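I opened my notebook to get to know a new structure. Here is what I looked up, entry by entry.

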Amino acid sequence: AEGRDKVFLVTLSFGSALALDFAAHHPDRVAGLVSLAGMVLVKDPRRFVSGIIARLTPSIPGVGNDIADPGGREIAYERFPTSAGHQMLRFIKTARRALPQVSCPLLVMHSHNDHTVHPDNALEIHRRAASTDKKLVWVDDSYHVITLDVDRQRVFESTYEFIRDRS
C-alpha cells in the first residue's frame, strides 16, 4: 500500500475472511473489498472435531477443481494439512465476529452452485457487514472457483467496475 492513494482488496475463498478481518481493524487503509466465494461460515460437521482430527492425522485429501467449466482446471494441493484447517476454522469465527466493523465499500460475488463454500457465506457477509455501499451478485453458471469458471469474465468486469467507480 505504500505510495498508493487507495487500496482495494480482492479475495477468493478463505482470503475473504483474512481481508474482512483486516478491513474491520484498519478501515482507514481499505478503500474497498471484493469477496469472491468468500468464507466466514463452515457447515461441515467435522468442524466440531477439527482439533482432534489434527492430532490424529497430519492431512486429509485436498479439495480442488470445484469448477463447472469442463476445460477449467485449478492448481490445488492433493492433501490438506489438518492443523492448518483447524487454525482456519478458528480464524473464520474471528472474521465473522468482525463483520459489523467492516465499513468500506463491499462487493460480494458467489455462486448458488458452490460445492466448496456454502452460498450462505455470501448472505452472511452481505447482511452483517456495516458497509452502506455494498452489493451482492450471484454468478450461477460457475461453482467455487469463479475466477477460473464460466462466469469469470463477469467476475472480472464487475470487479473492475466496482474499483473504477470508487477510485
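**Entry: Ser13**

I began with Ser13, which sits in the loop between β1 and α1. The model is a predicted one, and I kept that in mind throughout. Is Ser13 buried or exposed? I found a relative accessible area of 16%, so Ser13 is buried. Next I looked up its contacts, leaving out residues up to four places away in sequence. Ser13 touches Leu36, Ala37, Gly38 and Met39, and also Val117 and His144.

**Entry: helix α1**

I then moved on to helix α1, residues 14-25. I wanted to check its length against its residue count. At 1.5 Å a residue, its 12 residues should span 16 Å. I found the end C-alpha atoms 17 Å apart, which agrees.

Which residues of α1 are buried? I listed Ser16, Ala17, Ala19, Leu20, Asp21, Ala23 and Ala24. I also noted what these buried residues pack against: the strands β1 (8-12), β2 (32-36) and β5 (106-110), along with the helices α3 (82-98) and α4 (120-128).

**Entry: aromatic pairs**

How many aromatic pairs does the structure hold? I found two. A pair of rings is described by the distance of the centres and the angle of the planes, so I wrote down both values for each pair.

Phe8 and Phe162 lie 6.4 Å apart, centre to centre, with 80° between the planes, and the pair is edge-to-face. This pair links distant parts of the chain, with Phe8 in strand β1 and Phe162 in helix α5 (residues 152-165), 154 residues apart. I noted that Phe8 and Phe162 are both buried.

Phe14 and Phe91 have ring centres 6.1 Å apart and planes at 80°, so this pair is edge-to-face. Phe14 belongs to helix α1 and Phe91 to helix α3, so the pair ties together parts that are 77 residues apart in sequence. Phe14 has 23% relative accessibility and counts as partly exposed. Phe91, with a relative accessible area of 22%, is partly exposed.

**Entry: salt bridges**

Side chains of opposite charge can pair when their charged atoms come close. I looked for such pairs here and found seven salt bridges. I wrote up three of them.

The side chains of Lys43 and Asp120 meet at 2.5 Å, N to O. I placed Lys43 in the loop between β2 and α2 and Asp120 in helix α4, so to speak two distant parts of the chain, 77 residues apart. Lys43 is partly exposed at 48% relative accessibility, and Asp120 is partly exposed with a relative accessible area of 28%.

Arg152 and Asp69 form a salt bridge at 3.3 Å, N to O. Arg152 lies in helix α5, while Asp69 lies in the loop between β3 (59-61) and β4 (79-81), so this pair ties together parts that are 83 residues apart in sequence. I noted a relative accessible area of 34% for Arg152, which makes Arg152 partly exposed.

Arg128 and Glu124 meet in a salt bridge at 3.2 Å, N to O. Why are they about one helical turn apart? They are four residues apart in helix α4, and that gives the separation of about one turn. An α-helix has 3.6 residues a turn, so residues three or four places apart point the same way. Arg128 counts as partly exposed at 25% relative accessibility, whereas Glu124 counts as buried at 12%. I also found that salt bridges with shared partners join Glu124, Arg127 and Arg128 into one network.

**Entry: a nonpolar patch**

Which residues make the nonpolar surface patch? I found Phe48, Val49, Ile52 and Leu56, with a patch area of about 450 Å². I looked up Leu56 in particular, and its place is in helix α2 (residues 50-56). Leu56 has 69% relative accessibility and so counts as exposed.

**Entry: Ala84**

My last stop was Ala84, in helix α3. Its relative accessible area is 37%, so Ala84 is partly exposed.

How values were computed:
Residues are numbered from 1 along each chain as its sequence is written. This is a predicted model: local features need pLDDT of at least 70, side-chain atom pairs count only at pLDDT 80 or more; totals for chains, interfaces and linings use all residues. Side-chain values use heavy atoms; hydrogens and water are left out. Patches are made of residues with over 30% relative accessible area and no salt bridge: like charges are joined within 9 Å, nonpolar side chains (Val, Leu, Ile, Met, Phe, Trp, Tyr) within 5 Å. Accessible areas come from the Shrake-Rupley method with a 1.4 Å probe; for residues, only the protein chains shown count as cover. A salt bridge is a side-chain nitrogen of Lys or Arg within 4 Å of a carboxyl oxygen of Asp or Glu. Buried means under 20% relative accessible area, exposed over 50%, partly exposed in between (1.4 Å probe, protein chains only). The expected span of a helix is 1.5 Å times one less than its number of residues. Contact means heavy atoms within 4.5 Å. Rings of Phe, Tyr and Trp (its six-membered ring) pair if their centres lie within 6.5 Å; planes under 30 degrees apart count as stacked, over 60 as edge-to-face and the rest as tilted.
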